[in-house]
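Open the model in your viewer and keep the selection tool at hand.

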Amino acid sequence: MRHLFCGIKMKKNILKTVSGQIQKILKKDKKIKKNTQTQRVTQRQKKNRVKPEEKTGQKSAEKVIQPEKHRAIKEQEKNNRTSWVDCDYDAMDGEEFEYFCARLLRVNGFADVEMTKRTGDLGVDILARKDQITYAVQCKCHMSNIGNQAVRDVYSGKECYHCMVGVVMTNRFFTKAAEDLAREHNVLLWDRNQLQRLIQNAKKQVYAVGKEIAAGEYWIFGEQEKIWKGTVSRDQEGKSILFQIVSEGKYIVEVKSGEYLILEEAQFCPVGSLKKAWENNGWFAVKVGRELEPGAYRLSAADEEVSAYYAVYRSARYIEKEKLQSDFFEDQTFVTVEAGTYLVGENCYCQKIGKKQFP
């Protein structure tokens, strides 16, 4: 018996609400830079891998690439089961590095991560959101340290995209002029050290609730038609499991302070941060009264050769004492759900009785 649950314009009042959060981000960024200053000096003393004929500020590869390669990169982005162990981002060209950074942001809890168009991007490569703060990110994969032009570009670009924070993300470090200009314009500089921290976090994908992420409800999901695993545990090693989900859809999960969220091949973001929260692909866990209307539903097996399953829970914590009802079925069944409960489906589609299609 296999269970899935063992699992812009920004207005002034919005800016006022999040201004304190932005200041905390900027202060944290400055603290990180101070703590790694010694390491950066050591890095600068090492032999630079730049060839004699390459000048400061020259990119390792042209941003514009052949259409065939462009399509191949997009296909790789769609199908890649990202391994962060031996990722050689220094060998990437400009566009590959942008896709790499986008994936990295997603597995670090950023939502609505979008690539801007290749031409006329206004100095911004990625748009993202986290904790109600919108980010405009410029990616720089260079052979030498980044100057202040990148800071100017992203500062201007974030205003055009109506984002709150501008970020320059690179595999190298930044010149003194770039650092000074970034402080003046409140632009975040994510250098090689910050990139490594994001990669380390992506590799482990263990989040302490109440410390690294806030308690509450989150969407957990993976790549399209790819199976992922999410565990909520009392310990960071995953030995004291409270519940676990193995799926290929989008699930709402509630986590509490003191617990750990452990993800494998999965992404997550707070409920309410996705533009399109739910698309029924046969695997789902949604809240009735928010993602799903209360009422009676017909549940139909997506694959007739495999048993389908549904369950109704009091909360988005998929443990036995929270379960109200459940059943395995072969063809179809019917269920009535009330607002405030959570409907979970495996290998089944739901259609509201009286409507042609839902959602």
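**Aromatic pairs**

The count comes to 11 aromatic pairs, where rings of Phe, Tyr and Trp (its six-membered ring) pair if their centres lie within 6.5 Å; planes under 30 degrees apart are stacked, over 60 edge-to-face, and the rest tilted. This is a predicted model: local features need pLDDT of at least 70, side-chain atom pairs count only at pLDDT 80 or more, and totals for chains, interfaces and linings use all residues. Residues are numbered from 1 along each chain as its sequence is written, and side-chain values use heavy atoms, without hydrogens and water.

Select Phe110 and Tyr135. They pair edge-to-face, 5.3 Å centre to centre, with 75° between the planes. Phe110 sits in the loop between α4 and β1, and Tyr135 in strand β3, 25 residues apart. Helices (H or I, at least four residues) and strands (E, at least two) are DSSP runs, numbered from the N terminus. Both Phe110 and Tyr135 are buried (under 20% relative accessible area; exposed is over 50%, partly exposed in between; 1.4 Å probe, protein chains only).

Next, select Tyr89, Phe97 and Phe100: ring pairs link them into a cluster.

**Sheet**

Show the open sheet of 5 strands. Its order is β1-β2-β3-β4-β5, with mixed pairing; strands pair if DSSP finds at least two bridges between them. The edge strands are β1 (111-115) and β5 (187-190). Zoom in on β2 (126-130) and β3 (133-140): 5 bridges join these antiparallel strands. Lys130 has Ile133 in β3 as its bridge partner.

**Confidence**

Colour by pLDDT, the predictor's confidence in each residue, from 0 to 100. The protein averages 79, and 73% of the residues score at least 70.
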